[in-house]
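Please consider the following structure with attention to how its chains meet and how its side chains pair.

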Amino acid sequence: MLKAQKVVPLDRGRIGRPDAPAAAHNGAARRNPGLPFDADLIESLRVNRSAAERRAATLPGRRTVKKEWQAAWLLKAVSCLDLTTLAGDDTPGRVHRLCAKARQPVRRDLLERIGVGDLRLTVGAVCVYHAMVEPAVAALAGSDIPVAAVSTGFPAGLSPFDLRVKEIEASAAAGAREIDIVINRSHALTGDWRAVYDEMRAFRAACGAVHVKAIIAVGDLGTLRNVARASMVCMMAGADFIKTSTGKETTNATLPASLVMLRMIRAYGEMTGCRIGFKPAGGISTAKDAMAYQMLMKEELGVPWLQPDLFRIGASSLLTDIERQIEHFADGRYSAVHRHPMA
Amino acid sequence: MNIAAIMESMEYGPAPEAAGPAEAWLARHDHRFDLFIAGQWRTPADGGRLTSLNPATGRRLADIAQATAADVDAAVEAARKAQPGWARLGGHGRARYLYALARLVQKHARLLAVLETLDNGKPIRETRDIDVPLMARHFYHHAGWAQLLDSEFPDHRPLGVAGQIIPWNFPLLMLAWKIAPALAAGNTVVLKPAEDTSLTALLFAEICQEAGLPAGAVNILTGSGEVGELIVRHPDIDKIAFTGSTEVGRLIRAATAGSGKKLTLELGGKSPFIVFDDADLDATVEGAVDAIWFNQGQVCCAGSRLLVQESAAPRLYDKLRARMDTLRVGDPLDKCTDIGAIVSPKQRSRIEGLVRTGVIEGAKLWQPEAPCPAEGCFYPPTLLTDVEPAATVAQEEIFGPVLVAMTFRTPAEAASLANNTRYGLAASVWTENINLALDIAPKIKAGVVWVNCTNQFDASSGFGGYRESGFGREGGREGMFEYLTLASKKPVRKTKTPAVLTKAASAGLPAIDRTAKLYIGGKQARPDGGYSRPVHSPAGALLGHAGDGNRKDIRNAVEAARKAEAWSSLSGHARAQVLYYCAENLSARASEFADRLRQMTGAPKTAAAREVDSAVRRLFAYAAWADKYDGAVHSPPLRGVVLAMHEPQGVIGIACPDDAPLLSFVSLWAAATAMGNRVVVIPSERYPLIATDFYQVLDTSDMPGGAVNIVTGARDPLALVLAEHHDVDAIWCWGGADTARRVEAAAAGNLKRTWINSPGAIDWFNPLTGEGREFLRHATQVKNIWIPYGE
């Protein structure tokens, strides 16, 4: 399903550290090597909140997908799901059940009925705490579905710095192929973008070949300008993906904040030729929500950003709603939750 | 379509809005419509029909009626008959009907939207999400004005019958903008939709029937442009409201000249879209989409001239071109369409022609690669860069999806380029610096300025132009005044100037000769022609001579007034100081002015003294008003504010009446200058010496040169020169019916605002009629500045 992507020629003169490890995950594209910290660039970023909100509010009225197209888009969304459990009561058994759902997210008979029985559809990843990485890796053995571990003192990110780095190393050693780190919002809110950069740089180094997503926690940042700055700083420091939220803030993924992050991804791409991925997380629970994000991706960044190597949706209950919509498409009757295997 | 293949391409696929219910509605009417007169459907008098097409397919939708002169008469008669009853219903009664109309618009929202898209070719997204909701909002808002009419507009009455002519680009929205305020104020309506897009107005007629609107309150006449002309010229119509081209607006101004019909014109534009280098450029690009690719660019206030700071231009152009690639041109009924069909092949070829001219004149053309649909009437989004102000495409309104771009270096240059047009409808300003935004907004000659947004509309905030973009406002409190008049106001009437007796002066020691001159640019000036006019007492004694001003004197006076810009930028407080000082100096010379009045008019001593005293009081009144005629802060549904600022008209020409020659003279120029206008005053033709005496008062009261200019002479010919002058923004004229007609006809040249009164129409001594808000409204125009905020 992953398409080989056209690589935008690099402007080498502007690339920072030459020591970036070769990326395995980002398709044929080159992994983001990062840029030196540039305070002037961070300072120059401008976001007009009302205009961003207007764009976000009107987009769902400008684009829609119906019938086969809707089914296809929703299946694509499933392939981009980071199926997530991040609760205090997680156990190996619970994680095992989640992983089984990750392997077979939509009922096989439904897929066959709509003519995509041979799709080998899986979710994009399973996302868990460090303690659940090993059971998840075991449960997904042979599937090629990566395990993502939230890390660095998730969700607050305020544990001792060396422990946060060690946590990454431990999760990578346990078999996580993706690490979702959280930035230190204290540094961001006090304007110490250099410190955010340095920490992110260290996290990236600790990840080694492992793919790293930077959670900027838009709900904690207070302003869209901070969202823009945090996005840019994390990409400069080598993030492969930027992610909206931990799911634990009072406000999680929103379309306006996502719009701002996507525009930063575009700007960073124009500067470096690197394609950075995006992951909205938290509060995305309906098929309609998921499609709104997909349309935002397509409109602002283009079709490559609808594929799981550049787009993930962090969600726990979204899948059920998508399954119901797929069943409705398959036989024209509204579905019920209990007709679909639970995660 | 194969789902696996779609998962590869991730196309949107078709998403058509069902046209079935709208087509069923057309079929129910046999695809054939009559005229809506007195609450009934009537066949046109001679049975004439026009065909209404769907521009996206070229297919016939229905035949509509071609109204004749007899039909126009019948509709006006029905409206006239209905008007007293409609007014007598009272504010609350009318509010109930307007509320019902708003509700019914919402109940039929989708049918209205789909029919509008079929008829006009604009995307369903726009009719569904913008036009119809704004239409409903307009009726709700004006239900409110009807309810509050008595308390908020005391001493006002409706005008009577309003003739309303609307364009094809926003058929429903313009209908709402016209009908809602007219009905709220107690007028009845004869409305003519555009010949290409009449169907939704006919559906609205049905909605009026459903609402139980009294027969004749709303009449709808369809047909070609001649129907509009018949309405404009109809003698029994009191008000004409027109939205359309500047060319037709000018004809309407000329045709209604001197008729006493109140006029609102909402005309063309070439609105600037100004981008500073500190703007959020991604937001700006979306703004441009909303500015020029909204409704295929067929928007009078479209941000069609992109002015971008030189340093930001390459980045912005790149972003714009990339964004244009994702615009979808096609089936207007498809929910994913951004740009629908151009309304008619005629409009499309006009757009093509202008773009071709632009390229020949040196512009760089850019259009996305995706082709337009082969069938139907479409034109791709277009960006022309490297356009100079001298280019045709920088000056002419294209009325299509074509953005022309040029650069500027400084904020001052941005304002100059923005104002380098005969139009003045709207502008938008993009910067993250609020100091810059709020500095630029007042400098732009436009009725609406959008800061970091564009094409925002709301019933609470007036919309309308400066300069040749027309006059009058639609929406808000300012819009209500367009459908009301002072209850005390008398109509323009013919007057006869009494013959002047002449008589030789009596013998005795001669007085020292005084030479009254003209007063131009703060200096006394001899009349250019070198002629003087004798001034006699009522008994025929020669009192002296006044300069016989000619067109060159008017030219000089207007030039001086134009230069005296500093007066307009003074604070209200500073202007008040000068007006108070004028009062002080007039008061000190009260007996001299009273004597002069007695000599010239033969008024008794007490009456003359009373007039001087009233003039002193009037100066005090306008000194008081100078810092109190505040604008407003509107609250449309948005996080932000709309500042309704009162701005001076600019240069006002004033032709004064003969009645109360001192008081009327003072009342008029003081009202105008208190608001920051500069004036050229033609004082009373019979009693000019009272005004020439007055320039010594101005000289000693720190009135800056050029703020008040006085040209004596024959009033009507001089008023005509002022009316024709392209650098005069407004003319106030007290003259007979013939003068009124000629002045208003001449004013059509640059569409200057006119305020026409007949002598004796105003009791100058009564402060309720001789001063106050009515005068100040004529001295100002409202600029609405939209400022959404939020960090």
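The paragraphs below treat the interface, then the aromatic pairs, then the salt bridges.

The model is a predicted one. The contact between the chains draws 40 residues from chain B and 42 residues from chain A. The size of an interface is often given as the accessible area lost when the parts come together. Here the area buried between chain B and chain A is about 3,800 Å², with carbon and sulfur atoms giving 51% of it. On the side of chain B, the greatest losses of area to chain A fall on Met10(B), Tyr12(B) and Glu791(B), which together account for 22% of what that side buries.

Polar interactions also cross this boundary. Between chain B and chain A there are 19 residue pairs in polar contact. Three helices of chain B each give two or more residues to the side that touches chain A, namely H1 (3-9), H6 (124-152) and H11 (281-292). The largest share of that side, 6 residues, comes from H1(B). Across the interface of the two chains, 7 salt bridges are found. One salt bridge joins the side chains of Asp282(B) and Arg266(A), with an N to O distance of 2.8 Å.

Aromatic pairs form the next topic. Over all chains, the whole structure contains 31 aromatic pairs. A pair of aromatic rings is described by the distance of the centres and the angle of the planes. For Phe170(B) and Phe294(B), these values are 5.7 Å and 40°, and the pair is tilted. Phe170(B) lies in the loop between strand S6 (161-165) and helix H7 (171-185) of chain B, whereas Phe294(B) lies in the loop between H11 and strand S12 (303-309) of chain B, so the pair ties together parts that are 124 residues apart in sequence. Phe170(B) counts as buried at 5% relative accessibility, and Phe294(B) counts as buried at 6%.

What is the geometry of the pair formed by the rings of Trp669(B) and Phe694(B)? Their centres are 5.7 Å apart and their planes stand at 65°, so the pair is edge-to-face. Because Trp669(B) belongs to helix H23 (residues 661-674) of chain B and Phe694(B) to helix H24 (residues 689-700) of chain B, the pair ties together parts that are 25 residues apart in sequence. Trp669(B) is buried at 0% relative accessibility, and Phe694(B) is buried with a relative accessible area of 0%. Elsewhere in chain B, one aromatic cluster is formed by Trp732(B), Trp734(B), Trp755(B), Trp764(B) and Phe775(B).

In chain A, Arg113(A) forms a salt bridge with Asp331(A), their closest N and O atoms being 3.2 Å apart. This pair links distant parts of the chain, since Arg113(A) is in helix H5 (residues 108-113) of chain A and Asp331(A) is in helix H14 (residues 318-331) of chain A, 218 residues apart. Arg113(A) is partly exposed, at a relative accessible area of 46%, and Asp331(A) is partly exposed, at 31%.

Are the partners in the salt bridge between Arg185(A) and Glu249(A) buried or exposed? Arg185(A) is buried, with a relative accessible area of 8%, and Glu249(A) counts as buried at 9%. The closest N and O atoms of Arg185(A) and Glu249(A) are 3.8 Å apart.

Terms used
Residues numbered from 1 in each chain as written. Chains lettered and ligands numbered in written order. Predicted model: local features only at pLDDT ≥ 70, side-chain atom pairs only at ≥ 80, totals over all residues. Heavy atoms only, no water. Contact = heavy atoms within 4.5 Å. Buried area = accessible area lost by both parts, 1.4 Å probe. Salt bridge = Lys/Arg side-chain N within 4 Å of Asp/Glu carboxyl O. Polar contact = N/O pair within 3.5 Å; in protein donor to acceptor, adjacent residues only side chain to side chain. Helix = DSSP H or I, 4+ residues; strand = E, 2+ residues; numbered from the N terminus. Phe/Tyr/Trp six-rings, centres within 6.5 Å; stacked < 30°, edge-to-face > 60°. Buried < 20%, exposed > 50% of the residue type's maximum accessible area, 1.4 Å probe, protein only.
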